[in-house]
Structure formats: structure tokens, C-alpha cells
Amino acid sequence: MGLSFNGKQKESKRHPLKVHSFNVLKEMGVPVGTVIDVGILSSTYELIQAYKDVPQILIEPIVEFEERIRAIYDRSGVSYELIKVAASDRDGETTMRTNSVRDGVDITHARMTEDKSSPGEYRTVPMRTLDSIVAERNLAKPYLLKIDVDGAELEILKGAESILPDCSVVCIETSITNIYERSEAIRKHGFQLFDLVDICYYNDRLVQMDAIFLNHRIIQEKGLSMYKDGFDIAKWKTYDPK
């Protein structure tokens, strides 16, 4: 909620959630020609909901997820291509460790690693850069890039340096230990922070969130600069989950 000019509380249905942010970006006219979704697990329902009519490139190396991914996306009607590789900073192969933190679920996390001392199962999977994947396809620009891969985010961004200028939006999972370096890795390519969403707590302490960035060029083209027409108190909203 926020205060309007007459001092009354102004209701807002805007919440710090990916689905809300993506819908706001659409309402603002931020263009997205192709969604590039790195790290699917079974699906990213927020991108299905917000960009149902936009082709989606799904990057997911864990073959056990394929059947469920295809079932969900086929049912949704989204045009998609599933690419069963791990995204990183070079083409080749990599070792992945899979494990689960939930009873009754075989795999909840998959991480690229060279260290095989941690508990879990290990496998070798093909590895590609996003630059090389996109170069092989005639994809509509600009791209919305979402990255959620349990640790290799910086490597993926390094392997996406050619396509980042063609991204209008970048959404990346961060934690309190890496938000600064991941934000800087995106900011230096000409992006501004737009939102922090899907905030998670562990033992009542902030631990994880998704950061959404907007290309500075799009901000200029669409006239989305903050306070560009001066400050308007009617647009100020203090978040209240009620």
C-alpha cells in the first residue's frame, strides 16, 4: 500500500513475485521475442503464464526431468525447444552432481562440479555456451534470459556475453553471499535492477531471492527512467502483504 494525495491508503496488488514482475514488464511494453530459460527442473510456470505466446528455449541437462517438462509445456500450448545440455562458459562436457533435499523426490538439485567428495550421484553431461546455442538458431529478439542452476550462474553469464546486449530482461537466482558479484556481472553489460522477487528465508534470515534486471537501452527507448517526470507521491507504494 501507499499514500495518495488525500492521505488515504492506496491499495496495490503488486507483490514481490516473478509472475507479478513479468506481467508489469509486459504492461510497460518491454519487448520479449524469445524466452531463454536455463534450469527448468519441471517448468517455470511464471514464464508460461506471462509469455504463453512467446517461443521458449528450455535448457535442462537432467534427462529424468524430460518427460514431465514436455507434458507441462505441451499441455500449456507454449511453443518450445528443449535442449538437454548444461549451460556454461565453454562447449564440451562437464560433471554434474545430483541430490535431493525432499523425501520422496529423487532429484531436487543438480550442480556442475569437479569435486566428487560430496554426497550424491555424479554423471557426465554435454555442456554448451548460450552464445553458441543461440548462434545456431534464428531466434526472435530481444531475449528474456532466466538463470537458475544452483551455482554456475557466473559461468553461464560469461558464456552469454554475445547475446546479453540482445536481452531486454535478465532474471537470475541469487543468495546473500553472491548477490553483489552476480549483480555486477549483469550490470556491467548495461542493465539496471528492476525487482527483487520470490524472497526466501532460512531460520528467519534472508537467504535467497531472484533479481530481475532491465536493459538500459530498453529503459531509454520506452521512457522508463525512474522519476523522469519528477516525483509523484501517488505512485509511491509501501509493500504490505495484505
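## Close-up views of a predicted model

**View 1. A lysine over a tyrosine ring.** Lys26 lies over the face of Tyr51, at 5.7 Å from the ring centre, where a charge counts as sitting over a ring if NZ of Lys or CZ of Arg is within 6 Å of the ring centre and within 35 degrees of the ring normal. This is a predicted model, in which local features need pLDDT of at least 70 and side-chain atom pairs count only at pLDDT 80 or more, while totals for chains, interfaces and linings use all residues. Residues are numbered from 1 along each chain as its sequence is written, and side-chain values use heavy atoms, with hydrogens and water left out.

**View 2. The nonpolar cores.** The largest nonpolar core has 29 residues, of which Ile36, Val38, Ile59, Leu130, Leu145, Ile147 and Val170 touch the most other members; such a core is a set of buried Ala, Val, Leu, Ile, Met, Phe, Trp, Tyr and Cys residues joined through side-chain atoms within 4.5 Å, buried meaning under 20% relative accessible area, exposed over 50% and partly exposed in between (1.4 Å probe, protein chains only). Among the elements that each supply at least two residues of this core are β3 (34–38), α4 (130–135) and β13 (205–215), helices (H or I, at least four residues) and strands (E, at least two) being DSSP runs numbered from the N terminus. Another core, of 17 residues, lies apart from it and includes Val30, Tyr51, Leu144 and Cys171.

**View 3. The surroundings of Arg182.** Arg182, in helix α6 (residues 179–187), counts as buried at 7% relative accessibility. Its side chain reaches the backbone oxygen of Glu173 at 2.6 Å. Beyond its neighbours within four places in sequence, Arg182 is in contact (heavy atoms within 4.5 Å) with residues including Gly151, Glu153, Leu154 and Ile172.

**View 4. Cysteines without a disulfide.** A search of the whole structure finds zero disulfides, a disulfide being a pair of cysteine sulfur atoms within 2.5 Å. For Cys171, the nearest cysteine sulfur is that of Cys167, 12 Å away, and Cys171 is buried, with a relative accessible area of 1%. Cys200 likewise is in no disulfide, the nearest cysteine sulfur, that of Cys171, being 12 Å away; Cys200 is partly exposed, with a relative accessible area of 31%.

**View 5. An aromatic cluster.** Ring pairs link Tyr227, Phe231 and Trp236 into a cluster, and the structure holds four aromatic pairs. Rings of Phe, Tyr and Trp (its six-membered ring) pair if their centres lie within 6.5 Å, with planes under 30 degrees apart counting as stacked, over 60 as edge-to-face and the rest as tilted.

Notes. Polar contact = N/O pair within 3.5 Å; in protein donor to acceptor, adjacent residues only side chain to side chain.
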